[in-house]
Amino acid sequence: MKFEQSKESINKLLDNNTRIRWGILVLSTILFIIILYPSLVITKHRYNLGDVVERDIKAPKDFFIEDEAATDKNRQRAMAEVLTVYDYDANLAKTLQRNVEQAFGDLRALIESSQIMKRSELENQSEPVEIPPKEQNPSLQTLIGEKHEQFEETIGIRVSNGAYRALAKQEFSKNIVNLITKILNKILINGVVTNKEILLKELDKGIILRDVDTKKEKIAGNLNQFYGLNQAKAMVRTIGQPYLQDLDYTLKNLVVDFVQELIQPNITLNRNETQERENKIATEIKPVLYKIKAGEMLLREGERVAEFNLLKLEALQAQTKKEQILLSSLGAAMLLMCLLITTYILHLNYQGPMATYHVKNLLLIASLALTFFFLAEISASFSESLTRNSPVSIPGTSIYFGIPLAAGAMIICLFLGIKVAVPMALVMAIGFTFIFQNNFEMFIYFLISGTMAAYWVRDCRERKVFIIAGTKLGILNIILATAIHFYMGELSSSKLLWDWAFAFMGGIATGIVTAGIVPLVEIAFDYTTDITLLELAHLDRPIMRRLMIEAPGTYHHSVIVGSLVEAAAAEIGANPLLAKVCGHYHDIGKIKKPLYFIENQTNGKNKHDKLAPSMSGLILIAHIKDGVEIARENKVGQLITDTIRQHHGTSIIKFFYEKAKQLKGEDSVKIDNFRYPGPKPQTKEAGLVMLADVVEAASRTLDNPTPSRIQGLVQNLINQIFSDGQLDSCELTLKNLHSIAKSFNKILYGIHHHRIEYHENRTARNGYEKGKLKNGSSDRQPARQSQDLKEEDSTNGNGRLKRLGLS
């Protein structure tokens, strides 16, 4: 509930904030200009390659045209001349050599230290003992085996167990290290590239070798000198032959395998750097321009459009747009803002349905207008594309008749009424005219179409009305299309048939689009249409059935209030259906505590007799909050929820207020504790429900409800409510109050009229009067009166249903 109250406070703040309204206006204008942008500067000459020119086109001024093909060719040539960049890592050979020396050196040091320790142990013994070789020293072999993984990690390659044992047997000889590093250096100094095939593609122009560390560059022309990775591995045995000839076969293969595994490319392709240099060269290439002189013939009538002619025409249009776009945007924005401000002041400034939820209504109008402006822009572009590419010759203007743009006015009418829809139909028709190349006949077409579309759904209470209105609109569109056809002096019968077809389809499509969008708008903006109200008016809805079962007195009261306000709303020009539904739902909050309201109490027992007046007042006031919560749970709509909250306004619960003053004294009682929280009724329908609620409840207390008594009661109650200021915030006038009183009197006369007294009723009344005379007064002994009626039933009850309606 706190969330709802904060939400209401925010809504009130927004409705009273002028900046919000100006923000909506400015934002709508900006978005309209963005939508309109492609059509701001009218392009009169639209040709494709091979089209026949309709009339001569000359250059209105000097301008330059870029030969994009020649410019692109120059760029490609310049980019092709850029040398490919390869990174050269001169330190790779040193790094690999250092790793090999460290790996072998660590294990040699391990062997030497082990031998020294063993020698010192033997020298301490009294008898001389021969030092065993390392292969007969199991502890040393184990220690060397444990260092296998560390050896691989240091040297940077995988070493098989056999190769590792062979190296251990040679005690990781320094001679082997020298052979490995010498062959490895010879190969890496020559240069090793990852993929030599890619490198040889640059054979004609060479490459740039850039040192990774120093960033120094040099041009390499002889690319065949560099080894590919596989080639480098194959060259190991050839280059190492002079150095390895004194070794046995096993060690020779061991050294060759080690060098082959250690070889890595030290020349790598740097694609990013190469691409950056190509892009830089491409941006430095100046475009190839041709100057077109003012008056020069661009296109001649009857000729086919060639590629170069089309290039000149597009360049002229592009340069013209660049010069005019600022002025055109500014002019269109100023015209639209003036139009919107004028429309707002005259038609939308807190009048009629715009009085409540003003900002929300403005957002709805702006959203719908922009949506249909966007639809118009897309449809205009689509029609041009369809006209060019369709195998059937379809005129572009004929397609305009089929765009369902009148749906915007239709939707606004459904939610905000005809008085708002008509001026907005004018605004949208002007916006559509901007989009459709300032075509006057299109303005007339969309204005009349939108206005009549809104008119035909002004009393929409069934969904089939959309289709009926769409059909009527389709027929009207055909008439308008025919009038425009004759006005333009066109005599083509085929174009007229296309106009008729699209015009009628546009009307039908308008009804379909409206039927599809209306539920979305209801959900998005929390509106309630007459169609939804008609569904809510059914008394068999779950909440109304629950009210009938749990609070039958309140249910009957609500049905009568609904009838009263429906008739009165029709008299004063309010919404009868909305008023009726509000009357049905205004007291649903009494479901939670039905027996605390007198219309639901039976057997003369009143629960308030045992309560303090302040507690009774709180219970009565709580039915407003409970009603709002139940309404939200059942999603009956914001308008009905607001009426539930407003139907008591800020009036006082006088009975319990007076009772509290009698018990505690006037000074001890705060009147605000017995006042409904409000707010006061904000709409005609809410004001009607307030009046009908009070009048219907009070009419039940009349002993002899004659027409004059009913008229006096109605007049007195309406005067009291009016004098209390409860109707200050709604739009009910004195003339409306007079019409409302007349309508209430008529309905209440019908409810409380006297009936013919039948014979059996007269007999029962005579028996009742005899009992009354016998007992003195019926008010004093109601139990005895009931007993008399039971006895009378037992004596006269032959052929009647006994105990009917008795508990």
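Helix axes are lines fitted to C-alpha atoms over the stretch in contact, and angles run from 0 to 180 degrees between N-to-C directions. Helices are DSSP runs (H or I, at least four residues), numbered from the N terminus. This is a predicted model, in which local features need pLDDT of at least 70 and side-chain atom pairs count only at pLDDT 80 or more. Residues are numbered from 1 along each chain, and side-chain values use heavy atoms, without hydrogens and water.

**H8 and H10**
- Helix H8 (residues 174-190) packs on helix H10 (residues 229-244) at about 130 degrees, with the axes 10 Å apart.
- In contact (heavy atoms within 4.5 Å), H8 contributes residues including Leu179, Ile183 and Ile187, and H10 residues including Met235, Ile239 and Tyr243.
- By class, the contact of H8 with H10 holds nine nonpolar, one polar and two charged residues.

**H16 and H17**
- The axes of H16 (residues 407-416) and H17 (residues 418-435) come within 8 Å and cross at roughly 155 degrees.
- That makes H16 roughly antiparallel to H17.
- Among the residues that meet are Ile412 and Leu416 in H16, and Met424 and Met428 in H17.

**Aromatic rings and charges**
- The count of aromatic pairs comes to 20 (ring centres of Phe, Tyr and Trp, the last by its six-membered ring, within 6.5 Å).
- One aromatic cluster includes Phe32, Tyr400, Phe434 and Tyr445.
- The charged end of lysine 360 sits over the ring of tyrosine 527, 4.5 Å from its centre (NZ of Lys or CZ of Arg within 6 Å of the ring centre and within 35 degrees of the ring normal).
- The charged end of arginine 458 sits over the ring of tyrosine 455, 3.9 Å from its centre.

Key:
Helices (H or I, at least four residues) and strands (E, at least two) are DSSP runs, numbered from the N terminus. Ala, Val, Leu, Ile, Met, Phe, Trp, Tyr, Cys and Pro count as nonpolar, Asp, Glu, Lys and Arg as charged, and the others, Gly among them, as polar. Rings of Phe, Tyr and Trp (its six-membered ring) pair if their centres lie within 6.5 Å; planes under 30 degrees apart count as stacked, over 60 as edge-to-face and the rest as tilted. Angles under 35 degrees count as roughly parallel, over 145 as roughly antiparallel, 65 to 115 as roughly perpendicular and the rest as oblique.
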